[in-house]
Amino acid sequence: MLRRVRETAPAGLVPLAWTFAALAHLEVASPHTALVAHVVMDVVLVAFAVLSWRDMQTHPVLRAWLAVIVVGAGITLVGTYALATDAGETLLRATVFGWLLVPAIALAYTGRVLDREEADWVYTAGGVLSGVGALAFLYGSVGGVALALPAIALAGVGQTAGILNAVVQY
C-alpha cells in the first residue's frame, strides 16, 4: 500500500501545493499557515526521498525526479527558514522560483528520455509551461500587471499534467 501511495500521491499533492501557493500569494493564507504547510512539506519530501531512494535508482527518469525531491526539500527548507524567521521576501520568492524551475527541468528531461509511446510530449509541454511560469515569476510584471499568479498557474498546470501523465502511464 505504501508503494501505491508513493506512486500516486504526487498527482494530488502537486496541484494542492500550487493552489496553496496562489492562496498564500493572495494573502488568503496567513504566514503562520504557510509556515505550517512548509514544515509538513519538509517532512513529506524527506520521508518520500528516504522511502523511495532505492526504487528511484532503477531508471534515469526516476533518478532525475529523486533529484527534484532532494533539491526541492532544500528549497522548501529555505522557505521554512524565511517564514520562521521573517527573513524577507527575497528568500520566499527564491523558494517559489525554485519550485517553478526545478520540476520544469525534470519534465523536459523526462520528455526527452522517454519513448514516444509514453506520451513524452506531455512531459515536454509541462516542462515548457513550468519554465515559462518560472521566467514570468522572475520577471515580475509587464505593463504594471503582476505575473506571479499567472506564473504559478502556468507551472501548476504544466507540472500537474506531467505528474498525472506519469500516474496514468504506470
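Helix 2 and helix 3 are roughly antiparallel to each other, because angles over 145 degrees count as roughly antiparallel, under 35 as roughly parallel, 65 to 115 as roughly perpendicular and the rest as oblique. The model is predicted: local features need pLDDT of at least 70, side-chain atom pairs count only at pLDDT 80 or more, and totals for chains, interfaces and linings use all residues. Residues are numbered from 1 along each chain as its sequence is written, and side-chain values use heavy atoms, with hydrogens and water left out.

Helix 2 (residues 31–52) packs on helix 3 (residues 60–85) at an angle of about 155 degrees, and their axes lie 9 Å apart. Axes are lines fitted to C-alpha atoms, for helices over the stretch in contact, and angles run from 0 to 180 degrees between N-to-C directions. Helices are DSSP runs (H or I, at least four residues), numbered from the N terminus. The crossing of helix 2 and helix 3 is left-handed (the near helix is turned anticlockwise from the far one by less than a right angle). The contact (heavy atoms within 4.5 Å) includes Leu-35, His-38 and Asp-42 of helix 2 and Ile-69, Gly-72 and Thr-76 of helix 3. By class, it has 16 nonpolar, five polar and one charged residues. Ala, Val, Leu, Ile, Met, Phe, Trp, Tyr, Cys and Pro count as nonpolar, Asp, Glu, Lys and Arg as charged, and the others, Gly among them, as polar.

The axes of helix 3 and helix 4 come within 9 Å and cross at roughly 175 degrees. Helix 3 is therefore roughly antiparallel to helix 4. Their contact divides into 21 nonpolar, six polar and no charged residues.

Helix 4 (residues 89–113) and helix 5 (residues 120–139) pack at about 155 degrees, with axes 7 Å apart. This makes helix 4 roughly antiparallel to helix 5. Helix 4 passes helix 5 in a left-handed crossing. Among the contact residues are Arg-93 and Phe-97 of helix 4 and Gly-127 and Phe-137 of helix 5. The contact of helix 4 with helix 5 has 11 nonpolar, eight polar and two charged residues.

The charged end of Arg-93 sits over the ring of Phe-137, 4.2 Å from its centre (the criterion is NZ of Lys or CZ of Arg within 6 Å of the ring centre and within 35 degrees of the ring normal).

Technical notes. Helices (H or I, at least four residues) and strands (E, at least two) are DSSP runs, numbered from the N terminus.
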